[in-house]
Structure formats: structure tokens, C-alpha cells
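This report describes selected local features of a protein model. The sequence and structure are shown first.

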Amino acid sequence: MSKRTALIILILIVITGIGIRSYGLTARSLWFDEAFSWRLVQFPFTEMITRAAADVHPPLYYILLKGWSFFFATSLLSLRAFSVTLAAATLLAAYLFTAEAMRSRSIGLFASALLAVSGFQIQYAWEARMYTLGTALVLLSSWLLLKAIRQKPQRLPYWIGYGLVTAAFAYIHYFAFFTIIAQVIFLLGLIIIRTRGRLGEILQWRLTWYAAASGLIMILLYLPWLSTFIRQNSQVQESYWIPPIGGWSIPDTFYRLLAPTSGIPAHTGIGWILLAVTPMALVILSWLLLVSLPALRRRHSDAAWLIMCSASLPFLISILLSFLGQSLYQDRFFVFAHLFIVIGLAIVIYQIRSKKLRLAAITVILTASLATYIVYWQELNIFNRPGVRAAAQQIFDQRQFGEPILVTSPFIFFGV
């Protein structure tokens, strides 16, 4: 496929993704977290950083949103349009990463298209929160990492870019550390395998020192926020809102990854079977990606391992920490790992040798993804259930002149 053809198709995919994410964008009211973003960017810059430090998230999203609001104000449309714009950047980054990973523009386009109609990704592009900024940065950092390790001879610019983008990712959300850990484990494995574990070769290999330099860049850039991170972590340990991980938490999560929904099938009968099977999807996908595809083993094993680590390790780390201490298990925190599950699925489907079967599989998976999103949209019924906006309007319509309105919960107050 020529570059020009790929560019045209990619533009169409991005436009489609933007269109899907923009439909009914302002029909639903702000919810608490979004209202917090709206309120925070209205403070002077220094005070905004101070207040962000008192919260539980790093500040980079709020800094960029404040810059966006300087030009586009803080209307509901403007706040959410920022997330949609970053979602478009995510689709572009998905193409860059996958095309580089497999050295195939066609697979890159398919992965980008699959993410464009992914209901799990779409629902976070509706929100004035940091998730689509994180998805764009994690894919960009992964692309830079692949470019860096594949350079012959090794050069520094890609490693510097990787260090800078990874540091920015760490300033978006603390779950970013789980993906960064996955990248570090991948890098260590790559170095050990390619040098056969010989210390002399490890120390002589230029890639080792460039990788260490990129890590040092990230650490130095993160040091100013480290004390705040430690303080925020202490606050979280004292009072946290995520319920303990349960026996059905993992199957329920995997079901929502495939078919986003506000309801889950009953944990009995057919529903039990369906939910019990879905966690096996990642295991099966990993096996197909690394074991059963000879072409991947020969030419793209580095990319396959990076994708598998980035898809699976954030789940495993969060599950382990949740069992050992405070629960960290929340569906939306896996939005970064979900990217690599979808990309892995796109790669596996594209290995089908028969063109007719491959085209049929591509059509089925794209149609199914879009259909599950449409069902989810109908389930939400946003146009008829706009949220706190309609409730507040009804209250104000019935309110007598001068009559006070008491709001007893901050979760309701911010939205109102």
C-alpha cells in the first residue's frame, strides 16, 4: 500500500472516530470528576497546581486543559472537545505504533480503525478528563521505544524523545507507572536475551546506556513531583473510594472491554459461562501473538513482546497490589492497557493467510465493535436522561424566590 493511499484511509478513520465521539457530546451533564476539571482550570496557575497537588492525580492534564481553555474558554463543548482532539491523536499514534511494530501500513490502519469504533475507548473520549491524553502519550512513547531499539547503529534522539514522552505520561495518571514498568521489563528482557546475559556485552552495548539515559531523563523530570506523589499516596491509603477486588471483578472487567455496558450479565447460567470465559481472551491472544505465528517470532518478536507486556502487566500488577493492600482495581484505569489488547487482536487477525477469510474477519470484528457501542449508547439513553442538568432545572423551576437550596454531597454540588 502506498503512503498516499494509507494517508487518505488514515484521515478517513480519524474523521470517523471524531464523528462517533462528537455525537451528542454535550447532551449529558458534567459529572463530578469533569466538574472538578472545569473548576480547577479557573484558578490562577500557581493556585491550580497547589489544588491539584491536594487531589489524587498528577497535574499535566490540568495544565494543558488550562492552556486549551485560554483559547477556547470553558464551555461544556470546549472541555470535552479537548478530549476528542486527543482521542484523534490517539488514533494517529495507534497507526504509527502498529505500522512500525509490524512494518505494515495495512495492519496499522486496521488497528487504528478498530480503536476508532471501540466502545471502551469512545466512552472516555466523552469526558473532560485525562484518559485520552494518556492513551495518545502511551502509544507515542511505545512507538519511540520501538524506533529506538530498532536503529542500527543506535542513535540518541529517539531515546531522548522516549524519555521525554514517558515522563509526560507519568505526569498524566499514576496507572501510567504500570505501563512504564511493563516497558522497563520488556527492555531488560530484550537486553538480556540479545546479549545472552553476558555482563560484559551488556555493558558494552550502546543500547544499554542509551536506555539508561532515557530512564534518567524520566526520573530527573519526575523528581519535582515525587514528594507530592508520596503525600498523595498517603492520603489515598487513608481514605479511598475503590471497593475491594472481588471474585467477579476480573471477568466483569474483561466483559466491559469487549462490550461496554452499565450492566453485566447475571453471574449464573449462560452469563456465568460468558463471564468466566472472557478473561481467557488475553491469555489466548498472547499465545497466538507469541507462539503460533512463525512470522512474528522471526521478524517482529520485539513488538509482540512489547505489546504483550503492555497489555497484560498493568492488569497483573494492579490485581497483585489490590490483593496485598489497598484496592487499585477500577475498569477505567485499564484504558491504557486496553489499547494494546486491541492492537494485538488486529495483528492476530491480519495473520490469516486467506485474503477472503481475513477480510471477513476484519468486517465481522469492526461491525461487532461498532454494534456493541451502538447498543451501549441506546442503553445510556442520554438524550432522555441528561443527568444533573435536568434535575437542577426542575428544582429551580419549583423553587420559590429567595428559597435556599441545600446540596449535601460534593459529588452532586460540583455537577450542579
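Glu 34 is located in helix H2 (residues 32-40); helices are DSSP runs of H or I with at least four residues, numbered from the N terminus. With a relative accessible area of 0%, Glu 34 is buried (under 20% relative accessible area; exposed is over 50%, partly exposed in between, with a 1.4 Å probe and protein chains only). Its side chain makes a polar contact with the side chain of Arg 80 at 2.9 Å (N or O atoms within 3.5 Å, one able to donate a hydrogen and the other to accept it; residues adjacent in sequence count only if both atoms are side-chain atoms).

## Basis of the values

The model is predicted: local features need pLDDT of at least 70, side-chain atom pairs count only at pLDDT 80 or more, and totals for chains, interfaces and linings use all residues. Residues are numbered from 1 along each chain as its sequence is written, and side-chain values use heavy atoms, leaving out hydrogens and water.

## Aromatic pairs

The whole structure holds 29 aromatic pairs (ring centres of Phe, Tyr and Trp, the latter by its six-membered ring, within 6.5 Å; planes under 30 degrees apart are stacked, over 60 edge-to-face, the rest tilted). Among them, Trp 143 and Tyr 158 are edge-to-face, at 6.2 Å centre to centre and 90° between the planes. Trp 143 belongs to helix H8 (residues 131-150) and Tyr 158 to helix H9 (residues 156-170), so this pair ties together parts 15 residues apart in sequence. Trp 143 is buried at 18% relative accessible area, whereas Tyr 158 is partly exposed at 27%.

Notes
Helix = DSSP H or I, 4+ residues; strand = E, 2+ residues; numbered from the N terminus.
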